[in-house]
Amino acid sequence: MPTVQFRDSEIQCERGAVLRDVLLAAGESPHNGSADMLNCRGRGTCGTCAVTVEGAVTDRTKREETRLSFPPHRPDSGLRLSCQTRVLGDVTVEKHPGFWGQHVEESEPSEDNGTSGGDE
């Protein structure tokens, strides 16, 4: 049985379980603040359940790719939508600050350092 590490919790789940459902069933939330109430309920359209996931999970879905391509998200952030991610093995999950969980701190500076003139 896979184990999901989230905050101070270690949660066991069935292989193939949807990460958002696993967290909610354990009394944890993939949302920040009022996003707990204001979200798409797992349809992959709002982006508020974005998290960083390390470990064995399914590839991004088309819906997930599309949503993470629009602000405030960035397609290169490495985030996953927990409602579109299925757990295949042991994983570690991190929720970042921001309504959508979009404030991912980069460990290394980006290549263009924001000088490309883009509208991010």
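**Cysteines and strands**

Author: The closest cysteine sulfur to that of Cys 83 belongs to Cys 49, at 3.7 Å, which is too far for a bond. The model is a predicted one, in which local features need pLDDT of at least 70, side-chain atom pairs count only at pLDDT 80 or more, and totals for chains, interfaces and linings use all residues. Residues are numbered from 1 along each chain as its sequence is written, and side-chain values use heavy atoms, with hydrogens and water left out.

Reader: How many disulfides does a search of the whole structure find?

Author: A disulfide is a covalent bond between the sulfur atoms of two cysteines. The criterion here is a pair of cysteine sulfur atoms within 2.5 Å. The search of the whole structure finds zero. For Cys 40, the closest cysteine sulfur is in Cys 46, 3.6 Å away and too far for a bond.

Reader: Is Cys 83 buried or exposed?

Author: Buried means under 20% relative accessible area, exposed over 50%, and partly exposed in between (1.4 Å probe, protein chains only). Cys 83, with a relative accessible area of 8%, is buried; Cys 40 also counts as buried, at 11%.

Reader: In which sense do β3 and strand β5 pair?

Author: Two strands pair if DSSP finds at least two bridges between them; strands (E, at least two residues) and helices (H or I, at least four) are DSSP runs, numbered from the N terminus. Strand β3 (residues 50–57) and strand β5 (residues 87–94) pair in the antiparallel sense over five bridges.
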